[in-house]
Amino acid sequence: MAPIPFLSLFLLFSFTFPSSSSTFEQQQSPLLKYHHGPLLKGNITINLVWYGKFSSTQRSIIVDFFNSLSNPKTTSSPFVSSWWRTTAKYRGGSSSVVVGKQTLDDKYSLGKALKTSQLKVLAFKYKYRDGKAVNVVLTSTDVVVDGFCMSRCGTHGSVQVKKSRFPYSWVGNSVSQSPGYYAWPFHQPVYGLQTLPLVAPNGDVGVDRIVINLVTILAGTVVNPYNNGYFQGPAEAPLEAVSACTGIFRKGTFSGYSGRVLVGETTGASYNAVGVNERKYLLPAMWDPQTSICKTLL
């Protein structure tokens, strides 16, 4: 199982300004090692389990994001799909994403306090079992999960059923439980640089931060689905394609300092990628295996 490691969060609030962006790249660029396991490539279906209370607007922000990953048909740039194409540089070629089934569990069928083992139950409760699918569990802001807002804000893993393994992911809404740690850059951080928080691109701090955590987890699921793909560090707490580049939103910036991203003229919202329906998002850097640097759209 691969959580967004606490080390990434510690680094996020612990950097001091480097003397130059080139110095930063030389000192901080990670090196992910390939451990000879399979990756998720080809057509991938994302099945969504909405656990708790999510408004229709919140759900549309996230569904639009998933639909943007493999859809270049937007009129504005930079494109979300351009960001996702970095995953094609990993072994095996491209990973094309489509949204599959969606289930809304707004009655909290397992309660509002979940154990890690129950995330797996939710992920496969609705019998979404397909080797080329990722079942994604999203928990609302009033749901507490073991370790949430203490050591992680999402995770991914897999379950074994006979001779097959099925990947799953989980991300929670951190807006009310520990925003100073897990809602940055849309909330003032607990430690480090006390710059003003950015305006969330879709006007929802919790959901816009879910998107950042989702891309971190989803990229990790694709390039390290079974803990033997691309990662750095221990397999039980690996740094993966995006978690190795935590908090970097444009070239020359670093964790804890988001830099000058694009700003909406009328809303003042910060973003660096545009998706379907002209939806705007703020996406972190992803490690590029061809250049061994954290690559951003700006």
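Tutor: Rings of Phe, Tyr and Trp pair if their centres lie within 6.5 Å; for Trp, the six-membered ring is used. Keep that in mind for this predicted model.

Student: How many aromatic pairs does the structure hold?

Tutor: Ten aromatic pairs.

Student: Which residues do ring pairs link into a cluster?

Tutor: Y34, Y90, Y230 and W287.

Student: What makes K112 a charge over a ring?

Tutor: The cut-off for NZ of Lys is within 6 Å of the ring centre, and within 35 degrees of the ring normal. The charged end of K112 is 4.7 Å from the centre of the Y108 ring.

Student: Where does R165 lie?

Tutor: Over the face of Y226. For Arg, CZ is the atom that counts, again within 6 Å. R165 is at 4.1 Å from the ring centre, so the distance passes.

Student: Why is the link of C245 and C294 called a disulfide?

Tutor: Two cysteine sulfur atoms must lie within 2.5 Å. In C245 and C294 they are 2.1 Å apart, so the pair counts as a disulfide. By this rule the count comes to one disulfide.

Student: What kind of bond is a disulfide?

Tutor: A covalent bond between the sulfur atoms of two cysteines.

Student: Is the link of C245 and C294 left-handed or right-handed?

Tutor: Left-handed, with -85 degrees about the S-S bond. The pair links distant parts of the chain, 49 residues apart. C245 is in the loop between β10 (230-231) and β11 (262-263). C294 is in strand β16, residues 293-295.

Student: Are C245 and C294 buried or exposed?

Tutor: Both C245 and C294 are buried.

Student: Why is Q58 called buried?

Tutor: Buried means under 20% relative accessible area. Q58 has 15% relative accessibility, so Q58 counts as buried.

Student: Where is Q58 found, in which helix?

Tutor: In helix α3, residues 56-69. Leaving out residues up to four places away in sequence, Q58 touches K53, D204 and V207.

Student: What about the chain as a whole?

Tutor: There are seven helices and 16 strands. Of the 298 residues, 54% count as buried. The chain exposes about 12,400 Å², and carbon and sulfur atoms supply 53% of that area.

Student: What share of the contacts with a separation of 6 or more comes from residues 24 or more positions apart?

Tutor: Such residues account for 75% of those contacts in the chain.

Technical notes. Residues are numbered from 1 along each chain as its sequence is written. This is a predicted model: local features need pLDDT of at least 70, side-chain atom pairs count only at pLDDT 80 or more; totals for chains, interfaces and linings use all residues. Side-chain values use heavy atoms; hydrogens and water are left out. Rings of Phe, Tyr and Trp (its six-membered ring) pair if their centres lie within 6.5 Å; planes under 30 degrees apart count as stacked, over 60 as edge-to-face and the rest as tilted. Helices (H or I, at least four residues) and strands (E, at least two) are DSSP runs, numbered from the N terminus. Buried means under 20% relative accessible area, exposed over 50%, partly exposed in between (1.4 Å probe, protein chains only). Contact means heavy atoms within 4.5 Å. Accessible areas come from the Shrake-Rupley method with a 1.4 Å probe; for residues, only the protein chains shown count as cover.
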